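Work through the exercises below with the model open beside you. Try each task before reading its solution.

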Amino acid sequence: MSEAVPQVENLIPQLRARLSAMDGVAARRMFGADAYFVGDAMFAFFSAQAVVLRLPGSVFTEAAATGRARPFLSMGAAHLNGWAEVPLVGQQEADLEDLLRAAHSTGLRAARTAARRRRPTRARRTRRTAG
């Protein structure tokens, strides 16, 4: 027998708690919604009936192909690379858990990349000329 599909109103608090418990995750409010970050890298946020996740390419492709997710459209038109809208209605909890972990790993990678970019470069020595 398959796993019971939880009700959306019960599922959202559970998913928020799981996201908050992941390593290095901070929750912030953005545009009236709860958003989840690792460092400065956002990897998840909630809409009324969905969770929007930044997924690795292979996971994004598989989730879209199986109908578990669809590309997230910002402002109704602009496609954001790697962002998938995962409707909560009818989703299996185990499937959502896998997608949350994949999004968190994307957030970790993005945070590490951003941290490397912010590192100060070694100051170059300048030669002073007498003049």
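This is a predicted model: local features need pLDDT of at least 70, side-chain atom pairs count only at pLDDT 80 or more; totals for chains, interfaces and linings use all residues.

**Exercise 1.** Find where in the chain confidence is lowest and where it is highest.

Solution. Then go to the strands. Strand β6 (residues 78-87) has the lowest confidence, with a mean of 80. Strand β4 (residues 50-54) has the highest, at 94.

**Exercise 2.** Decide how many residues of strand β2 (residues 33-38) are buried, and on which faces they lie.

Solution. A residue is buried if its relative accessible area is under 20%. By this cut-off, 6 of the 6 residues in β2 are buried. Next, sort them by face. In a regular strand, side chains alternate between the two faces of the sheet. In β2, one side holds A33, A35 and F37, and the other holds D34, Y36 and V38. Both faces are therefore covered, since buried means under 20% relative accessible area.

**Exercise 3.** Describe how β2 pairs with strand β1 (residues 25-30).

Solution. The two strands run antiparallel and share 6 bridges. Within this pairing, F37 of β2 lies opposite A26.

**Exercise 4.** Describe how β2 pairs with strand β3 (residues 41-46).

Solution. This pairing is antiparallel, with 4 bridges. Across it, Y36 faces A44 of β3. The hairpin again has 2 residues between its strands, and G39 takes a positive phi near 65 degrees.

Terms used. Residues are numbered from 1 along each chain as its sequence is written. Side-chain values use heavy atoms; hydrogens and water are left out. pLDDT is the predictor's confidence in each residue, from 0 to 100. Buried means under 20% relative accessible area, exposed over 50%, partly exposed in between (1.4 Å probe, protein chains only). Two strands pair if DSSP finds at least two bridges between them.
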